[in-house]
Amino acid sequence: MKLTRRKFIRAGLLATFGAILADMFWIEKFFIETNEFYIGKATKETTHIKVVQISDLHLQSVNYQLKHLANKLNKLQPQLILITGDAIGKSENTPLLNEFLKLIDKQIKKVAILGNWEYWGNIDLDELNKIYAGNNCTLLINETKQYSFKNKSISITGVDDFIGGKADYGTAIKGYKKSDYHIVLNHCPRYSDYISSQTDKDTNIDFILSGHTHGGQINLFGYAPFLPPGSGKYVKGWYNHNVPKMYVSKGIGTSILPARFGARAEIAIFNLL
């Protein structure tokens with residue numbers, strides 16, 4: 001059978017379209033990339049404190065992807081795992097969070113904050129808090145806790161969600177104690193503009209960790225046609241021009257549309273000297 005130019009072009013277009021769909025609905029959703037950073041004077045050669053950010057799990061099931069992630073975290077053995085909101089979005093999925101967290105070494109300290117979907121999904125926050133506490137995880141809602149690792153102190157400030165809850169950085173920072181490192185967890189990056197306007201030398205924020213945007217979820221060559229309310233001008237990655245600087249995670253799960261394009265699921269690792 002002779003292959004005409006028209007049939008060749010049509011076959012090429014169909015193959016390209018098929019590859020794009022496979023990328024959107026499978027590859028970028030289920031293959032989690034790892035982005036690793038060295039903060040300050042930390043390098044690959046130094047002994048450092050390892051902090052991992054997980055964001056926007058949007059748990060629908062504990063599938064192979066998440067089991068593989070848990071195994072990876074257990075091998076990494078970070079000193080701290082930070083969960084920056086939207087772990088679950090439906091009350092009936094609350095047990096899935098417990099199932100997932102139990103796959104992770106309980107000895108690894110974890111800190112979590114709330115996202116908009118914990119509010120929009122009418123999650124029982126008391127039950128959620130019990131699940132976190134049972135898995136060596138502290139849920140911070142407008143409060144600050146200090147931890148010690150390798151003779152270094154790290155203060156974690158957890159801000160309530162900006163659009164679903166009652167974000168109050170002023171209240172959250174009241175419990176701050178001078179520390180070697182200070183990391184602020186803030187689900188919606190837009191609220192970070194307010195945090196930046198309120199910072200001073202006494203609170204010494206090293207960086208803010210946000211999520212919420214999913215990197216646009218559908219990102220067309222750097223352009224995200226849709227961002228959820230509360231994103232502001234932020235999409236993904238580092239914003240170093242901010243004071244303090246901020247990292248916006250693309251997260252792991254999806255919402256509304258179960259697809260990703262140009263915004264692969266991720267975890268971020270921050271190495272502190």
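Helices (H or I, at least four residues) and strands (E, at least two) are DSSP runs, numbered from the N terminus. For a helix, the expected span is 1.5 Å times one less than its number of residues. Before you start clicking, note that this is a predicted model, where local features need pLDDT of at least 70, side-chain atom pairs count only at pLDDT 80 or more, and totals for chains, interfaces and linings use all residues. Residues are numbered from 1 along each chain as its sequence is written, and side-chain values use heavy atoms, with hydrogens and water left out.

**Stop 1: helix α2**

Select residues 64-76. This is α2, with 13 residues and a reach of 18 Å from first C-alpha to last, close to the 18 Å expected at 1.5 Å a residue. Now show the side chains of Q65, L66, L69, A70 and L73, the buried residues of α2; buried means under 20% relative accessible area, exposed over 50%, and partly exposed in between (1.4 Å probe, protein chains only). Look down the axis: these buried residues fall within an arc of 135°, so they line one face of the helix. That arc is taken from the directions from the helix axis to the C-beta atoms. As a rule, an α-helix has 3.6 residues a turn, so residues three or four places apart point the same way. Step just past the helix to Q77, which takes a positive phi of about 50°.

**Stop 2: the sheet**

Next, bring up the strands β6-β7-β8-β9-β11-β10, which in that order make an open sheet of six with mixed pairing. Two strands pair if DSSP finds at least two bridges between them. At the edges are β6 (143-149) and β10 (237-239), each pairing on one side only. From one strand to the next, the twist averages 25°; the angles are between axes fitted as lines to C-alpha atoms (for helices, over the stretch in contact), and run from 0 to 180 degrees between N-to-C directions.

Zoom in on β7 (residues 152-158), which pairs with β6 in the antiparallel sense over seven bridges. Pick F149 and you'll find its bridge partner, K152, in β7; pick Q146 and the partner in β7 is S155. The two strands form a hairpin with two residues between them, and K150 in the turn has a positive phi of about 50°. How many of the residues of β7 are buried? Six of its seven. Over to β8 (residues 181-185): five bridges join this strand to β7, and the two run parallel. In that pairing, I154 has Y181 of β8 as its bridge partner.

**Stop 3: rings and a cis bond**

Select F37, F207, W238, Y247 and F270, a cluster linked by ring pairs. Rings of Phe, Tyr and Trp (its six-membered ring) pair if their centres lie within 6.5 Å. Now find V243 and P244, joined by a cis peptide bond with omega about 0°. P244 lies in the loop between β10 and β11 (246-248).

**Stop 4: two loop residues**

Finish with D86, in the loop between β3 (80-84) and α3 (94-101). Its phi is near 55°, a positive value in a residue other than glycine. D86 is buried, with a relative accessible area of 1%. Then jump to N204, in the loop between α7 (192-198) and β9 (207-210). Phi of N204 is near 45°, and N204 is partly exposed, with a relative accessible area of 32%.

Key
Rings of Phe, Tyr and Trp (its six-membered ring) pair if their centres lie within 6.5 Å; planes under 30 degrees apart count as stacked, over 60 as edge-to-face and the rest as tilted.
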